[in-house]
Amino acid sequence: MHELSRVLIVDDEPDIRNLVHEILEDEGYNVTTADGGEAARKASRVRRPDLILLDLEMPQMDGFQTINRIRSNKLYSDLPIFALTAHAMLDNKEVIEKHGFNGIITKPINTASLAFKIQKTLRRN
């Protein structure tokens, strides 16, 4: 089912990237990482992911700017993108959806919740 699904993790913190990478690799996903918005845009152009996990707070280009740039390409308009954030106040569905995200993953990462949300989203596509 999701063995060949490609997930791109975008976070400026190596510990978060490594943790999420390990969780998703153990779930059978093909995982790529990027340390910022520009690296994410380049990685997604090289090989289109099936889903992106995008940190909201990054230097240079934050998650909101990054999703706007990714979504501006019509090829990526339907690509599932989840916000990654440690801020509970951003756990507001309307704010997240208004910016084009399909959902939110809060930090600290809950392994079961992360795996469930990704599996559910990819199964629909």
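Me: Which residues does Leu8 touch, leaving out those up to four places away in sequence?
Reply: This is a predicted model. In it, Leu8 touches Thr32, Thr33, Ala34, Ala40, Ala43, Ser44, Pro49, Leu51, Ile52 and Leu53.

Me: Which strand is Leu8 in?
Reply: Leu8 lies in strand E1, which covers residues 6–10.

Me: Buried or exposed, what does Leu8 count as?
Reply: Leu8 counts as buried, because its relative accessibility is 2% and the cut-off for buried is under 20%.

Me: And what is the bridge partner of Leu8 in E2?
Reply: That is Thr32. E1 and E2 pair in the parallel sense, over 5 bridges.

Me: How far is the C-alpha atom of Leu8 from that of Arg48?
Reply: The two C-alpha atoms are separated by 8.9 Å, while the residues are 40 apart along the chain.

Me: Now the sheet. What is the strand order?
Reply: The order is E2-E1-E3-E4-E5, in an open sheet of 5 strands with parallel pairing. Strands E2 (30–34) and E5 (103–106) stand at the edges with a single partner strand each, so one side of each has no neighbour in the sheet. From one strand to the next, the twist averages 20 degrees.

Me: Which strands does helix H1 lie across?
Reply: H1, residues 14–26, lies across E1, E2 and strand E3 (51–55). Its direction is at about 170 degrees to E2.

Me: What about H3, which strands does that helix lie across?
Reply: H3 (residues 63–71) lies across E3 and strand E4 (81–85). The angle between H3 and E3 is about 150 degrees.

Me: Which residues of H3 are buried?
Reply: Gly63, Phe64, Thr66, Ile67, Ile70 and Arg71 are buried in H3. Looking down the axis of H3, these residues fall within an arc of 160 degrees, so they line one face of the helix.

Me: Why would residues three or four places apart point the same way in an α-helix?
Reply: Because an α-helix has 3.6 residues a turn.

Me: OK, back to H3. What covers its buried residues?
Reply: The cover includes helix H2 (37–46), along with E3 and E4.

Me: And what caps the N-terminal end of H3?
Reply: Asp62 does, with a side-chain oxygen 3.0 Å from the backbone nitrogen of Phe64.

Me: You mentioned H2. Which of its residues are buried?
Reply: Gly37, Ala40 and Ser44 are the buried residues of H2. Down the axis of H2 they fall within an arc of 55 degrees, so they too line one face of their helix. They pack against E1, E2 and H3. Ala40 and Ser44 are also among the residues that Leu8 touches.

Me: Zooming out, how many helices and strands are in the protein chain?
Reply: The chain has 5 helices and 5 strands. From the N terminus on, they run β-α-β-α-β-α-β-α-β-α. The radius of gyration is 13 Å, close to the 14 Å from the globule rule for 125 residues, so the chain is as compact as a globular protein of that length.

Me: What does the C-alpha trace span along its principal axes?
Reply: About 30 × 30 × 30 Å.

Me: Last one: what share of the residues is buried?
Reply: Buried residues make up 44% of the 125. As for contacts with a separation of 6 or more, 64% are between residues 24 or more positions apart.

Notes: Residues numbered from 1 in each chain as written. Predicted model: local features only at pLDDT ≥ 70, side-chain atom pairs only at ≥ 80, totals over all residues. Heavy atoms only, no water. Pairing = 2+ DSSP bridges. Helix = DSSP H or I, 4+ residues; strand = E, 2+ residues; numbered from the N terminus. Axes fitted to C-alpha atoms, helices over the stretch in contact; angles between N-to-C directions. Contact = heavy atoms within 4.5 Å. Buried < 20%, exposed > 50% of the residue type's maximum accessible area, 1.4 Å probe, protein only. Arc of directions from axis to C-beta. Polar contact = N/O pair within 3.5 Å; in protein donor to acceptor, adjacent residues only side chain to side chain. Rg over C-alpha atoms; globule rule 2.2 N^0.38 Å.
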